[in-house]
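The model is shown below.

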Amino acid sequence: MAKMTANAINVGPTIMVGRARGHSSFTDVPEDKGGTDTAMLPPEMLCAALANCIGMVIALTCREEGIDCAGMTVDVQAEPNEEQARLENFVVNIKMPGSLTDEQRAKVEEAAKQSKVRGTVAAGTDLSVTIA
């Protein structure tokens with residue numbers, strides 16, 4: 001697989017637009033930090049990227065396995081460590097739209113582990129995943 005690349009450009013006093021493969025995403029800071037609060041903070045975007053990546057891998061697995069995942073939600077929480085300028089102790093909660101058999105639950109749990117963003121985050125911090 002080719003290297004993944006992205007870039008970001010400042011388009012406002014505190015607004016950055018990130019670009020990859022022709023797609024764009026924006027980040028900003030809250031007004032009390034001097035921004036306009038028009039977009040997520042970058043650490044919030046990291047949490048959203050983790051949720052999105054886990055959800056997408058699960059959705060692909062569910063499609064292959066015939067498991068209903070329409071309406072699935074993936075919630076991510078992380079604790080800011082201001083002293084070390086990082087997020088720590090990520091917790092991922094996945095809520096499937098219906099009940100799962102033990103076999104389906106195992107497939108969903110394994111799929112969640114295949115997320116590249118999860119693997120990247122987990123390599124440097126604690127991360128726990130629960131299926132609800």
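Which strand gives the most to the lining of the second largest pocket? Strand 4 does, with four residues.

## Basis

The model is predicted: local features need pLDDT of at least 70, side-chain atom pairs count only at pLDDT 80 or more, and totals for chains, interfaces and linings use all residues. Residues are numbered from 1 along each chain as its sequence is written, and side-chain values use heavy atoms, without hydrogens and water.

## Second largest pocket

The second largest pocket holds about 210 Å³ of space. A pocket is an open set of points on a 1 Å grid over the protein atoms alone, where a 1.4 Å probe fits, with protein on both sides within 12 Å along at least five of seven lines; lining residues have an atom within 4 Å of a point. A volume is the space filled by probe spheres set on the points.

Helix 1, strand 4 (73-81) and strand 5 (86-95) each supply at least two lining residues. Helices (H or I, at least four residues) and strands (E, at least two) are DSSP runs, numbered from the N terminus. The lining includes P43, E44, Q77 and R86.

## Largest pocket

About 1200 Å³ of space lies in the largest pocket. Of its 30 lining residues, M4, A6, A20, A49 and V117 are the closest to its centre. Helix 1 provides the largest share of this lining, ten residues.

## Helix pair

The crossing of helix 1 and helix 2 is right-handed, where right-handed means that the near helix is turned clockwise from the far one by less than a right angle. Contact (heavy atoms within 4.5 Å) is made by residues including I54 and V57 of helix 1 and K107 and V108 of helix 2.
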